[in-house]
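What follows is a walk through one protein model, from its overall make-up to a few individual sites. Please keep the structure open while reading.

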Amino acid sequence: MTISVRKAASAAVLSAALGAALAGCGGGAGPSDAGREARLGTPAASAPASAPAPAPGAPSAAGAGPQAGAPAKPPTLAPGPNGLTPVFERAKQHTDKTVALTFDADMTADQGARAAGGERFDNPQLITTLRTLKVPSTIFMTGRWAEEYPDQAKAIGTDPVFEVANHSYSHHAFTSPCYGLPALDAAAARADVDRAFAAFRTAGAVNTVPYFRFPGGCYDDQALRALSTAKVTAVQWDVVSGDAFAKDPDAVAEQVLAGVKPGSVVVMHCTRSAAPVTEEAIRKIVPELRQRGYRFVKVSELIGT
């Protein structure tokens, strides 16, 4: 599961469990100096209203990239130095009490046998709770997850409460080392992103946005350069929920509530087998943050501020 590459203290709390899980979204290599500078990008100019929203990464004949019906012109950041893929972690505007809850729907390319054996990488009750509580959310989905749960991928990707972002197809690493995940070279990494967008389209998810989250949160300049032609904004986070392999929903809720600041991005998970208490934690987090005056938004709204 996911931990922050920039929050060393939180990483230490989760590292033992994450390192043991081959399929985990653990935090890995942080960005180099140029990668850090990529975070300083400004929102890119929007296309004219009469023009269709550009697909991330020039869709191929196979249909990579978000399909028609996605939110109009979702904001992205301008490329970083030397055209590196920009990285977003938290809204620059720190006065509005807005927060984005994000959920990684993880499944690696080689976990089909485990799914066939009954392991659940989905969490439909969590999605139901987010709908019931009316919490706009961004779901970072792997293409393999969309293939395993196409009905759920379509339901999420056609519900205006949600937007679907790219978490790769295979959930393999885009740099190494990254918690034992197999690593992709630059060409394979770029193709992996396209393949995920194609899987979303095949499932019928239309509310897709040009945002990408690195598996494990692991990236470096080479990874940012490999994705530069995909025209996506990489989305990290500033609040680690600690829901990865957690057993205590109260502890997860407390960690989120202690970390949230105006403009925060919270990373959580939509995988029952590896994050079994997330839904229960959400039922504690959402009312408390609303009581504190926070408004829940999708990542697309934060990037635009």
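Helices (H or I, at least four residues) and strands (E, at least two) are DSSP runs, numbered from the N terminus. In those terms, asparagine 166 has its place in strand E4. The model is a predicted one.

The secondary structure of the protein comes to 11 helices and nine strands. Of the 305 residues in the protein, 56% are buried. The accessible surface is about 11600 Å², and carbon and sulfur atoms account for 55% of this surface. Among contacts between residues at least 6 apart in sequence, 82% join residues at least 24 apart.

Asparagine 166 is buried, with a relative accessible area of 0%. A polar atom of the asparagine 166 side chain lies 2.7 Å from the backbone nitrogen of serine 168. With residues up to four places away in sequence not counted, asparagine 166 touches Phe140, Met141, Val193, Ala196, Phe197, Phe200, Tyr211, Phe212 and Arg213.

The next topic is nonpolar packing. In soluble globular proteins, nonpolar side chains tend to be buried together. Here the largest nonpolar core has 59 residues, of which Phe103, Met141, Trp145 and Phe214 touch the most other members. Helix H7 gives the most to this core, with seven residues. Tryptophan 145 is in contact with Ala105, Asp106, Met107, Phe121, Asp122, Gln152, Ala153, Ile156 and Cys270, leaving aside neighbours within four places in sequence. Cysteine 270, one of these contacts, is buried at a relative accessible area of 1%.

Which cysteines form a disulfide? The two are cysteine 178 and cysteine 218, with their sulfur atoms 2.1 Å apart. This pair counts as a disulfide because the cut-off is a pair of cysteine sulfur atoms within 2.5 Å. By this rule the count comes to one disulfide. The link of cysteine 178 and cysteine 218 is right-handed, with 80 degrees about the S-S bond. The pair links distant parts of the chain, 40 residues apart: cysteine 178 sits in the loop between strand E4 (162-166) and helix H7 (186-203), and cysteine 218 in the loop between strand E5 (208-212) and helix H8 (221-226). Both ends are buried, cysteine 178 with a relative accessible area of 1% and cysteine 218 with one of 0%.

Leucine 133 is in the loop between helix H4 (124-132) and strand E3 (137-141). At 26% relative accessibility, leucine 133 counts as partly exposed, because buried means under 20% and exposed over 50%. Leucine 133 is in contact with Ile282, Val286 and Arg290, leaving aside neighbours within four places in sequence. From leucine 133 to arginine 283 the separation is 150 residues in sequence, but 8.4 Å in space, C-alpha to C-alpha. H4 is also followed by lysine 134, which has a positive phi, near 55 degrees.

Key
Residues numbered from 1 in each chain as written. Predicted model: local features only at pLDDT ≥ 70, side-chain atom pairs only at ≥ 80, totals over all residues. Heavy atoms only, no water. Buried < 20%, exposed > 50% of the residue type's maximum accessible area, 1.4 Å probe, protein only. Polar contact = N/O pair within 3.5 Å; in protein donor to acceptor, adjacent residues only side chain to side chain. Contact = heavy atoms within 4.5 Å. Core = buried A, V, L, I, M, F, W, Y, C linked by side-chain atoms within 4.5 Å. Areas by Shrake-Rupley, 256 points an atom, 1.4 Å probe, with all protein chains shown as cover.
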